[in-house]
Amino acid sequence: MEMEDGRSVNHLPPGFRFCPTDEELVLHFLYPKSLRLPCYSNIIPELDLHRLHPWELDGKALMSGKRYFFFSQKMENRVLENGYWKQLDMEEPIFSGGSSGKVGVKKLFEFYIGGAPFGMKTNWVMQEYHLCNWGSALSLHYPKTKGIRKLDSNYKWVLCKVEEHKGNAQSFNYSDEDGSELSCLDEMFLSLDDDLDDISSSHFL
């Protein structure tokens, strides 16, 4: 977001929280972004995932609570100068409640310091949201766009949600910030491998 003087604003005003469901992130932010439609997606900035380590997102990504939201272009690898995002071997479909059809896919990543495949795992985790191919579920929500617009460079955008977790899995409350029930991948997102000691990201700045 930008103020009238051009300054970037990536923190919500006091009292406001950004806690959309997975379905809302796909239908109301990622899909309009890919279709280049005017919508709410302009409150989430575009960032280069190759250039920013997770601890550098503050002040650049949209921050709500302890979570960072941003758009990034889809890429084959997620290697940075001092680390890399490693994808876990599972993903979860995202369904639309209105049509019961699949509208997206959510993938899970962990951030490692160092070079692959021998990096050191940190507490930073990322959920990456991808669109599905056009189908009845999407056309139900955007009927006027069918056959009129093409998705921007074949779904080149993904929506990223990044968070650093501290403490053991037993200390996590498996519910979202708004109190809603979490999916199995959300629970995994919150309880990943707590056997390592906390790694202070400030050591790697």
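Two strands count as paired if DSSP finds at least two bridges between them. Keep that in mind as we walk through this predicted model.

**Stop 1: a pair of strands.** Select residues 67-73, strand β2, together with residues 157-164, strand β6. They pair in the antiparallel sense over 7 bridges.

**Stop 2: the whole sheet.** Now widen your selection. In what order do the strands of the open sheet run? The 6 strands follow the order β1-β2-β6-β5-β4-β3, with antiparallel pairing. Colour β1 (62-64) and β3 (83-95), which stand at the edges. Each has a single partner strand, so one side of each is left without a neighbour in the sheet. Neighbouring strands are turned by 25 degrees against each other on average, direction ignored.

**Stop 3: the helix on the sheet.** Select residues 22-35, helix α1. This helix packs on the sheet, touching β2, β3, β4 (102-113), β5 (120-131) and β6. The direction of α1 makes about 70 degrees with that of β5.

At 1.5 Å a residue, the 14 residues of α1 should span 20 Å, and the end C-alpha atoms are 18 Å apart, which agrees.

Is α1 largely enclosed or left open? Buried here means under 20% relative accessible area. By that cut-off 11 of the 14 residues of α1 are buried, so the helix is largely enclosed by the rest of the structure. Show some of the buried ones, including L25, F29, Y31 and K33.

**Last stop: just past the helix.**

Notes: Residues numbered from 1 in each chain as written. Predicted model: local features only at pLDDT ≥ 70, side-chain atom pairs only at ≥ 80, totals over all residues. Heavy atoms only, no water. Helix = DSSP H or I, 4+ residues; strand = E, 2+ residues; numbered from the N terminus. Expected span 1.5 Å × (residues − 1). Buried < 20%, exposed > 50% of the residue type's maximum accessible area, 1.4 Å probe, protein only. Axes fitted to C-alpha atoms, helices over the stretch in contact; angles between N-to-C directions. Contact = heavy atoms within 4.5 Å.
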